[in-house]
Amino acid sequence: MNKQFVFKSLVLIGLSMIGFDLHAQQKGEVQDQEFIIRKDRVLTLPVQPRSFERIPVLPTPKSNANFNYRVEPFFLPLPPLEIKPEAATKNFPRNLEELYPGFAKLGYGNYSSPLLQLRYNIWEDGDYNIGAKVSHEGFYTGPVGGKNSAENHTHFGLDGTLFKDYFSLYGNVDYHRDEFNFYGYDPNNALLSDYVTSNNVLNSFNIKAGISNLEKMSDLNYDANLKIRLFNDRFSAVENEVGLNGKFDFWFSESLKTEVLGNLSLTTPSDTTYRDINRNYFGIRPAVVYRKSGLYLKAGANIIFENDVTDNKKSDFHVFPSIDASYMLSDEFGLYAGFEGDVQRKTYYDFVNENPFLGPSDALLNTIQNYLAKAGVKGSVNGEFNYEVGVAYGQFANMHYYNTNATDTLRFNLLYDSNTRVLNYHAKVNWEYQDWYKLSGGVNYYQYSLTDLEAAFHRPEWEITLGNTIKPLPKLLIQANAHLLGGIVVSEPNPILDQTRTLPVILDLQLKADYKITERFSVFAVGNNLLNQSNQRFLNYPVRGIQGVGGLTVKF
C-alpha cells in the first residue's frame, strides 16, 4: 500500500510541474510585485564595562654583584698643542675712490683768475691716515681800477688721524694767506686817475690736536681738542688765541642722555688803539636730552665767564637757561619751540673774515644774547619734501655793525649797540626727487630795534637763498644757485652831517657744471654774477661782474 501511495504522489508532483512549466511558457513576463524596505530599524548592543585599573609595577630585582672598576692613569709623553689665533680676513669690495688717493683741480678764468687745488692722502698701510692739501685762487684784476681791486687766497694744510683700539688721535696744521686791496674809492674822479690802492694781507697759522672715542654708538662718547691760532695783518693788528674745546655725552637708555659742552678761549689782541689786552672766555653747557616717539626735549644751562670791559654789563659771570622742544604729531606736521640765553664769542679774526676791509677799532666785544625765543612748525611729506616755518625774537647786548670810517673812507669801523631787539621771520624747504634733482631754499626777514644807533648798518633786512642740484645724466652734474639780499642801510660820511641810504638789492646768480669724462678725468665750469650786477655788500665796494672759471679735475 505504501508503495502505491508513493507512486501516486510522484505522479501527481510530476504532472503539476509540467503544468507550471507550460503556464510559464504561455505568459513570458514577470508580474508586478511590491517590496517594502524598512529604514527605522535600530541595532542595539549591550553595554560592555571597561577596566581602568593600572598594571601594578613589579619590584626591581636586586643584585649582590659588585660593579666597582679601577681606572689606571695613562700618560703620553706629548708636548701641549700650541694654538696661534689669526684674525679672519675677507676681501671686501673697495670703492673706486680709494684707488686714487690724489686729487688735482686746475682752472683759469677772466679777471686773471687762476685756480689750483691739490690734495693727497695716505691711508693704505697701518692704523693711520695722513693728508696734505694746497690751494690757490687769485683774481689779479678786479672791477675797479684793474689791479687796484685784485685779491688772492692761498692755503696749505696737513692733517692726520691715528686709530687705536678704543679711541683716535687727530690733528691738523694749516696756514691761510688772504690778500685784499682797499679799492673803495671813486674811479671816475679825475684826481684819482693814477691812484694806487694799499693792500692788506691776513696771515693765520693754526694748530689743532684732539682725542675722540671710536665707537660713536656707545653709551659714553667724548671729543676734546686743543687749538692754537696766530694771526696778524700787514698793519698793526695781531691776535693770538689758545682754545680748549670738549664734548661729552652719556646715554642712560635709547631715549635719555646727558651731555656737557665746554670751551675755553684765551686771546691777546693788539692794534693801534689797544694793546696788552687779555680777553678770556670760558663756557660750560650741561644739558639733559630726552627723545621718544616724535617727542624731543632738551633742558640745560649756559654758564659763561668773560671779562670784556663795557658799561652795559653788570657782571663777568652769566647763567642762562637753554630749553629746546619739538613734537611731531605726524611725519607731515610737528611743532617746535625754544628759549635760550648765551654769550657769543667774537674775536678780531671773526670780524675781519666777515668784513676784510675792516680798519682799526676802539674795542672788541662779545655779543651777549640775553634771550632768544623761537617757535614754529616743521614736517616731512613722503620723505622727500621737508619744510620749516617759524618766528624768533631776541634781545642782544653789544651786537656789532659796520660803518665807514670818517677819516679813512676806504675802511670800516666796528660799532656796537647796547640793547638790540631782533624779530626774525624765517622759512626753509628741502625737496629731493628721486636721484637726479635736489632743491633747497630759505627766506629770512629781520626787523631791528636799536638803542644807540640810527640803523642796523650793513645788516640785511631780508635774505633769500635758492639752490638747485640737477643730475640729468650719470656723468653730468649741474648746480644753479641764487642769493638775494636787500634793505642794507649804510651811513655815508659827510663834512656837515652823515647821511644814510639803502644799498641796491644784491642779486647773484651762479651756475656750476661738472662732466665726468672717465673715472679719473672730468671737466668743470663755474659762472658767478651771471646778470652782471654791480652788487655792493659793503659801501663803495662793488663786486666783480660776470666771472667764469673753467678747468680740469684729475684723480691720481
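Which residues does glycine 184 touch, not counting residues up to four places away in sequence? I looked this up before anything else. Glycine 184 touches Thr409, Leu410, Asn540 and Tyr541, where contact means heavy atoms within 4.5 Å.

**Basis.** I am working on a predicted model, in which local features need pLDDT of at least 70 and side-chain atom pairs count only at pLDDT 80 or more, while totals for chains, interfaces and linings use all residues. Residues are numbered from 1 along each chain as its sequence is written, and side-chain values use heavy atoms, with hydrogens and water left out.

**Glycine 184.** I placed glycine 184 in the loop between β5 (167–181) and β6 (199–213). Strands here are DSSP runs of E of at least two residues, helices are runs of H or I of at least four, and both are numbered from the N terminus. Glycine 184 is buried, with a relative accessible area of 6%; buried means under 20% relative accessible area, exposed over 50%, and partly exposed in between, with a 1.4 Å probe and protein chains only. I also checked leucine 539, 355 residues from glycine 184 along the chain: their C-alpha atoms are separated by 7.6 Å.

**Whole protein.** I noted two helices and 28 strands. Of the 556 residues, 31% count as buried. Among contacts between residues at least 6 apart in sequence, 56% join residues at least 24 apart. The accessible surface comes to about 36,600 Å², with 59% of it belonging to carbon and sulfur atoms; the areas come from the Shrake-Rupley method with a 1.4 Å probe, and for residues only the protein chains shown count as cover.

I followed the pairing from β6 onward; two strands pair if DSSP finds at least two bridges between them. β6 and β7 (residues 220–232) are antiparallel over 10 bridges and form a hairpin with six residues between them. Within this pair, glycine 210 stands opposite asparagine 225 in β7. β7 then pairs with β8 (residues 238–251) in the antiparallel sense over 13 bridges, and five residues join the two in a hairpin. Asparagine 221 stands opposite aspartate 249 in β8.

I found β18 and β19 antiparallel over 13 bridges. Their hairpin has three residues between the strands, and glutamine 434 in the turn has a positive phi of about 55 degrees. Valine 422 has tyrosine 448 in β19 as its bridge partner. β19 also pairs with β20 (residues 462–473), antiparallel over nine bridges, and there tyrosine 437 has isoleucine 470 as its partner.

**Pockets.** On a 1 Å grid over the protein atoms alone, where a 1.4 Å probe fits, a pocket is an open set of points with protein on both sides within 12 Å along at least five of seven lines, and lining residues have an atom within 4 Å of a point. I read the largest pocket at about 960 Å³. Its lining has 36 residues, the closest to its centre being Glu151, Phe180, Arg537, Val543 and Arg544. Helix α2 (residues 348–354) gives the largest share of that lining, four residues.

The second largest pocket holds about 460 Å³. Of its 24 lining residues, Phe396, Met399, Tyr446, Tyr448 and Arg459 are the closest to the centre. β18 (420–433) and β19 (437–449) are among the strands that each supply at least two residues of this lining. Volumes are the space filled by probe spheres set on the grid points, which are joined across faces, edges and corners.
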